[in-house]
Amino acid sequence: MNKNKLLDFDFIYKYFWLIVIITYILISALYTYLTPFQRRITVKEKYNYASGGGKSLKVRNSIYTTDGEIYVFSNSLWRWFFRSAELLLSVEVNKTYDVKGFGLRIPILGLFPVIVDAKPV
């Protein structure tokens, strides 16, 4: 019998995880490169944001601005940026910075804009 590969569930099951991984990589790359921003912010507070629990505990280094926005400092493979801890330490409370980054605030997904560069004004 000549089976249609698109409707063959054995074929779909066999490649399901490959499809999931490729989809995740594509969405991650699109999110990173389609949501860049440049803003001037004044840091009001620095803090750690924790979510999850147990083995899935995730702690994010964050800042809160005078405009009421929250930004996180996170390494990014797509941006080839791996110095988020140093950048967070260089940012001081009650100072103004020109920042560059990517991302959007999407509360239901727990996403925050990510800062990858901060220069004092």
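Guide: Leaving aside its neighbours within four places in sequence, Ala118 is in contact with Leu87, Val91, Tyr97, Asp98 and Val99. Contact means heavy atoms within 4.5 Å.

Visitor: What kind of model is this, and how are residues numbered?
Guide: This is a predicted model, in which local features need pLDDT of at least 70 and side-chain atom pairs count only at pLDDT 80 or more, while totals for chains, interfaces and linings use all residues. Residues are numbered from 1 along each chain as its sequence is written, and side-chain values use heavy atoms, with hydrogens and water left out.

Visitor: Which residues of the largest nonpolar core touch the most other members?
Guide: Ile63, Phe73, Val99, Ile115 and Ala118, out of 19 residues in that core. A nonpolar core is a set of buried Ala, Val, Leu, Ile, Met, Phe, Trp, Tyr and Cys residues joined through side-chain atoms within 4.5 Å. Buried means under 20% relative accessible area, exposed over 50%, partly exposed in between, with a 1.4 Å probe and protein chains only.

Visitor: Which element gives the most to this core?
Guide: Strand β5, with four residues. Strands (E, at least two residues) and helices (H or I, at least four) are DSSP runs, numbered from the N terminus.

Visitor: How many residues of β5 are buried?
Guide: Five of its seven, the strand being residues 114–120.

Visitor: Asp117 is found in strand β5. Why does Asp117 count as buried?
Guide: Because its relative accessibility is 17%.

Visitor: What does the Asp117 side chain join to?
Guide: A polar contact of 3.5 Å joins it to the side chain of Lys119. A polar contact is a pair of N or O atoms within 3.5 Å; within protein, one must be able to donate a hydrogen and the other to accept it, and residues adjacent in sequence count only if both atoms are side-chain atoms.

Visitor: New topic. In which sense do β4 and β5 pair?
Guide: Antiparallel, over six bridges, with β4 at residues 96–102. Two strands pair if DSSP finds at least two bridges between them. Tyr97 has Pro120 in β5 as its bridge partner.

Visitor: And β3 with β5, parallel or antiparallel?
Guide: Parallel, over two bridges, with β3 at residues 70–73. Phe73 stands opposite Ile115 in β5.

Visitor: In what order do the five strands close into a barrel?
Guide: The order is β1-β2-β3-β5-β4, with mixed pairing.
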